[in-house]
Amino acid sequence: MGMPIPGANNPQAGEFVNKFYYGGVDYKPTKDLTLQYYYGNLQDFYKQNFLGLKYDWQIGPGTLRTDLRHFDNRSDGANGHDPDFYTFGYYGDGVTKGKVDSRLSSAQFTYLLNGHTFAAGLQQVSGDSDAVWLNQGAGSTAYFMTESMIGKFQRAGETTWQVRYGYDFARVGPGYVRKRLENPYPHRRQRRVGTQPDGELCHSARTAQRPEHCPAPRLTAHRSIHATGQR
């Protein structure tokens with residue numbers, strides 16, 4: 001099986017390709033600053049440019065870490081004209097599948113102190129389509145700040161803010177070297193409305209109208225706990 005994107009990854013009726021071109025660079029002009037650029041092209045689906053910045057600033061006894069990310073996603077090949085290669089989104093007049101057209105921007109600020117991490121971040125998706133990534137079904141992950149077990153928060157027009165707390169159990173002692181506990185609290189605000197087949201959530205909308213069977217846009221809050229590694 002090849003590689004698809006959301007909207008075209010049905011195991012029986014989906015479209016899959018075997019060509020993905022990828023390259024980029026991490027550049028560190030100083031020990032505390034990292035600048036990133038990456039390019040990806042999934043043939044007949046999308047072209048993606050990524051810009052990132054990470055900066056650590058010593059403040060008091062801890063470190064303030066800035067993490068900025070921007071993805072620019074554009075249509076490629078068959079995705080621009082063949083419905084079998086379309087992705088999810090909201091294109092007006094109730095149309096919820098079409099070509100890739102999205103920008104995802106996010107910023108997160110984290111304070112690290114003696115094994116504790118306190119973070120707050122904001123993510124915004126603009127354009128007609130959802131933000132895209134290589135998706136072969138359940139379990140696929142993306143380099144989004146909002147990536148979590150409960151979702152990716154990458155719908156068209158979606159704005160998400162989150163606060164996080166984490167603790168690195170390596171501070172406890174030798175038996176806990178690889179353990180980490182993290183509590184993310186993402187809040188999602190949907191601003192464009194649409195529907196997806198097969199039980200998918202309604203999108204938020206840039207128009208005042210929405211299908212009757214779609215719930216109104218709302219704020220939602222989630223809490224989850226992750227513990228990774230082994231004692």
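A residue is called buried when its relative accessible area is under 20%, exposed when that area is over 50%, and partly exposed in between (1.4 Å probe, protein chains only). Buried residues make up 43% of the 231 residues in this chain. The model is predicted, so local features need pLDDT of at least 70 and side-chain atom pairs count only at pLDDT 80 or more, while totals for chains, interfaces and linings use all residues. Residues are numbered from 1 along each chain as its sequence is written, and side-chain values use heavy atoms, with hydrogens and water left out.

View 1. Strands (E, at least two residues) and helices (H or I, at least four residues) are DSSP runs, numbered from the N terminus. Contact means heavy atoms within 4.5 Å. Of the contacts in the chain with a separation of 6 or more, 57% are between residues 24 or more positions apart. The accessible surface of the chain is about 12600 Å², and 54% of it belongs to carbon and sulfur atoms. These areas come from the Shrake-Rupley method with a 1.4 Å probe; for residues, only the protein chains shown count as cover.

**View 2. Strand 3 pairs with strand 2 and with strand 4.** Two strands pair if DSSP finds at least two bridges between them. Strand 2 and strand 3 (residues 46–59) run antiparallel and are joined by ten bridges. Within this pair, Tyr37 stands opposite Leu51. Strand 3 and strand 4 also run antiparallel, with 14 bridges, and here Gly52 stands opposite Arg69. The hairpin of strand 3 and strand 4 has two residues between the strands, and Gly60 in this hairpin takes a positive phi near 60°.

**View 3. Asp44 and Asp93 are loop residues with positive phi.** Most residues other than glycine have a negative phi. Asp44 has a phi near 70° and lies in the loop between strand 2 and strand 3. The hairpin formed by these strands has three residues between them. Asp44 counts as partly exposed because its relative accessibility is 25%. Asp93, in the loop between strand 5 and strand 6 (97–98), has a phi near 55°. Its relative accessibility is 81%, so Asp93 counts as exposed.

**View 4. Ala78 belongs to the largest nonpolar core.** A nonpolar core is a set of buried Ala, Val, Leu, Ile, Met, Phe, Trp, Tyr and Cys residues joined through side-chain atoms within 4.5 Å. The largest one has eleven residues, among them Ala78, Phe45, Tyr46 and Phe85. A second, separate core of eight residues includes Phe71, Leu104, Ala142 and Phe144. Ala78 sits in the loop between strand 4 (62–75) and strand 5 (87–88), and counts as buried because its relative accessibility is 10%. Not counting residues up to four places away in sequence, Ala78 touches Asp44 and Phe85. Ala78 and Phe45 are 33 residues apart in sequence, yet their C-alpha atoms are 6.7 Å apart. Tyr46 has contacts with residues that include Ile5, Val100 and Val132, leaving aside neighbours within four places in sequence.

**View 5. Five side chains form a nonpolar patch on the surface.** Patches are made of residues with over 30% relative accessible area and no salt bridge; like charges are joined within 9 Å, and nonpolar side chains (Val, Leu, Ile, Met, Phe, Trp, Tyr) within 5 Å. The residues here are Val25, Tyr27, Leu35, Tyr37 and Leu51, with about 460 Å² of accessible area together. Strand 1 (20–30) and strand 2 (33–42) each supply at least two residues of the patch. Val25, placed in strand 1, is partly exposed because its relative accessible area is 46%.

**View 6. Salt bridges join Asp72, Arg74, Asp101 and Arg103 into one network.** A salt bridge is a side-chain nitrogen of Lys or Arg within 4 Å of a carboxyl oxygen of Asp or Glu. The structure holds eight of them. Asp72 meets Arg74 at 2.7 Å, N to O; Asp72 is buried, with a relative accessible area of 16%, whereas Arg74 is partly exposed at 40%. Arg103 meets Asp101 at 2.8 Å, N to O. Arg103 is buried at 16%, and Asp101 is buried at 16%. Salt bridges that share partners link these four residues.
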